[in-house]
Amino acid sequence: MTTRKETVEVANGSAHGAGVIAKATTDEARLRVSKTYKMYVGGAFIRSESGRSFQVKGSSLESSADPATVNIPLGSRKDVRDAVIVAKAAQEKWAARTAYNRGQIVYRLAEVLDARRGELEASLVRAGATATGAAREVDCAVDRIVFYAGFCDKIASLAASSNPVSGPHFAFSVPEPMGVIGVLAPPRPALLGLVSAVLPVITGGNSAIVVASADDPRTAIVFCECLATSDVPGGVVNVLTGLASDLAPQLAKHREVAGLDAYLDDAALRASIERDASESVKRVKTQAPFTDDRIFDERGGQGLTFIERFLETKSIWHPVGL
Amino acid sequence: MSREITKSPKGIAAASAGASQAPALDFGRAWDYAPALEGVSHIKLQPRYGLFIGGAFRAPRSDKYFATVNPSNEQVLSEVAEANAADVDDAVRAARLAYEKYWSKMRGAERAKYLFRIARALQEKARDFAIVETMDGGKPIKESRDFDVPMAAAHFFYHAGWADKLDYAFQGRRARPLGVAGQIIPWNFPLLMAAWKIAPALACGNTVVLKPAETTPLTALLLAQLIEEAELPPGVVNIITGAGETGAALVNHADVNKIAFTGSTEVGKRIQASLAGTGKRLTLELGGKAANVVFADAPMDQAVEGIINGIYFNQGHVCCAGSRLLVEESAHDTLVRRLRDRIATMRVGDPLDKNTDVGAINSKMQLDRIRELVDAGEREGATRYSAPCALPSKGYWFAPTFFTGVAQSSRIAREEIFGPVLSVLTFRTPDEALEKANNTMYGLSAGVWTDKGAKIFWMAERLKAGVVWGNTFNKFDPSSPFGGYKESGFGREGGRQGLAAYVELDG
């Protein structure tokens, strides 16, 4: 909250019609309007069905309207299930778009992010980043989105194959998205970590249900505001806030969730979601959050391998002959 | 047959009643062939096999052996060692040593030549391998001779060529081997599955510990002999025999970097669960319940052969078997009559007879499982038709069978039978065919039969399966990636894509 000490000159001829010149010094604040932080599911900003919330503290900033303590929705297991239904429907339409179209939509997201960089940086700073650190993170996040935007219509060329089988058959293999993918974003860096985990998932034609960093969920929600004003269709990226320990098991057990990418410090939680995921033979990848050196790196933090984690290969055969 | 017709919509039944009521084909005595047995007198199996660890055969620390029998006559063929945890540990140590000392340091071009050598030796000894495969597993000699063994050799030959070309396979990325791979394979294609596992692992620079299935260990042990003769560095390939406990010891060994498993979905899930938190890499090739979708405009002669091949190949012991026939309603009655005629001509019997189409069921346990599910199908109200063939009195046998009037919810439409049993269901529109085809937790393979090219691709795009065969079925090739969607497992075997299962990539 920002209190502004202002000196206001009230001029002759004001609405009050007083014919005197008054110089008023006041301590009265103009209270800025702070934001209600909501989760982002199916293109809409929603509260948790549980009605619960948790609190995040951050430093007060001149540029921000938020008080030092804000309430964030505490996503529930039911929120996960609801999100899966939305994400499933959105995924089929997302995958049905042409790769060129998906590429343009993802690129548009980078445009929107760059335009909102001030807001993203402020959010990162509020959560403890330095100004230069925040700027560097936003730069890298935008560039990473651009990297994946250009990948949408290259994946098939790189991952598909014509298979020279021994026999009179035309045989080839193509990559396909898996479906709905759960993402447990790393606690830090909150923006770049989320972008680095989500972008390869949607670039491949999947939809994502993301559990945002609980350390800094506000930045994830600002990112959602970028999504909402980009052309990424609602439901393709869904972001829940809350505790990974609550939501990860539900994502891991849900049969409509095809895969899971988890960046978690808690090794026991990583192991337990891998165990939960086995019940539906889920494609699950868990890891400790990357170091800054790795996640900022153009080789270590992005690439085709990240996309391929959540692609299936389909091999198609047909006889050749008269 | 008349019962099936009454289950069809009236108009369609009337239209095809003439065809359906045609008398069954009668071949009389003309269909009797003289026996044409493959000679086995030159096959010299040892009475007892040890474990192949560190480049040599040795007795197991467990001191235990178990018998492997010929399922077509229940005769004991040999005894094989039962590896315990200490034996598994020896094998993994040997593989680790070989990885560090030889295989990870060797140039790809040199690894390639070893693999080419294995492929060549396998071709040279192909007939012996085929005979032993048939004796140990019960599959017809014409399949082991013309499919299993040549395809196994092809897998070694194909992957040999990749060993020095991994930089081309993953352009822009660096591929590193994983280390020691533990590999567990099933009994339906014993030698071929060993080749699918060993060849890509070795090509990518890993060393392996392979456990064949307990009912079919012999060809893997012959392969161990062949690898010894090919003079691979000791420990690069280790082959240990045993049952579930041996497999579990391998899966849970701390010094294994990767597990590759082919087998049932149930066991696959257990393996995935037990690897949780270990950081070990995993690929699974599990069960299936493939839809074979036949449209009314399909080339019917080919479709009938494709359906027969899809379900009765290898007694239906095929994870990608076309076990759910989805037929467009208007073609149902005609197709069912033709299937009935066709399975009447199938020769069920001695797997070593070169004319045999359907051999022995692999084990007593599997036969019991098939019987249980077939009983369930009858109880649930489906109509059963089994080929009218005489079955030998000794051994494990099941006549080619299909069910009509099967409900989507029936166990025989949902569960993998892994036997020569086909469930026939119908559909009216392509959307319904797709809905039914995808309505399963499995997703290994699917077939589509139609003369319309655009319809094939429309279906192929939407079928949730790792392999889609259009106007064909059960085709395999080392250059074609194979593997499942959903609960049929993850990872691919074969092709450039299959190499990814055995390397670590840097971006």
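Predicted model: local features only at pLDDT ≥ 70, side-chain atom pairs only at ≥ 80, totals over all residues.
What is the area buried between chain B and chain A, and what percentage of it do carbon and sulfur atoms give?

Residues are numbered from 1 along each chain as its sequence is written, chains are lettered from A in the order in which they are written, and side-chain values use heavy atoms, with hydrogens and water left out.

**Figure 1. Interface of chain B and chain A.** About 3200 Å² is buried between the two chains, and carbon and sulfur atoms give 48% of this area; buried area is the accessible area (1.4 Å probe) that two parts lose on being put together, summed over both. Chain B contributes 44 residues to the contact and chain A contributes 38 (contact means heavy atoms within 4.5 Å).

**Figure 2. Salt bridge between Arg492(B) and Glu312(A).** The closest N and O atoms of this pair are 3.0 Å apart. A salt bridge is a side-chain nitrogen of Lys or Arg within 4 Å of a carboxyl oxygen of Asp or Glu. Five salt bridges are found across the interface of chain B and chain A, and the count over all chains is 54.

**Figure 3. Packing of helix 3 (residues 117–126) and helix 4 (residues 131–149) of chain A.** Helices (H or I, at least four residues) are DSSP runs, numbered from the N terminus. The two axes lie 9 Å apart at an angle of about 130°; axes are lines fitted to C-alpha atoms over the stretch in contact, and angles run from 0 to 180 degrees between N-to-C directions. Helix 3 and helix 4 of chain A are therefore oblique to each other (angles under 35 degrees count as roughly parallel, over 145 as roughly antiparallel, 65 to 115 as roughly perpendicular and the rest as oblique).

**Figure 4. Salt bridge between Arg117(A) and Asp139(A).** The closest N and O atoms are 2.6 Å apart. Arg117(A) belongs to helix 3 of chain A and Asp139(A) to helix 4 of chain A, so the pair ties together parts that are 22 residues apart in sequence.

**Figure 5. Helix 1 (residues 77–96) and helix 8 (residues 244–253) of chain A.** Their axes come within 9 Å and cross at roughly 40°, which makes helix 1 of chain A oblique to helix 8 of chain A. Arg77(A), Val80(A) and Arg81(A) of helix 1 meet Asp246(A), Leu247(A), Gln250(A) and Leu251(A) of helix 8.

Terms used. Helix = DSSP H or I, 4+ residues; strand = E, 2+ residues; numbered from the N terminus.
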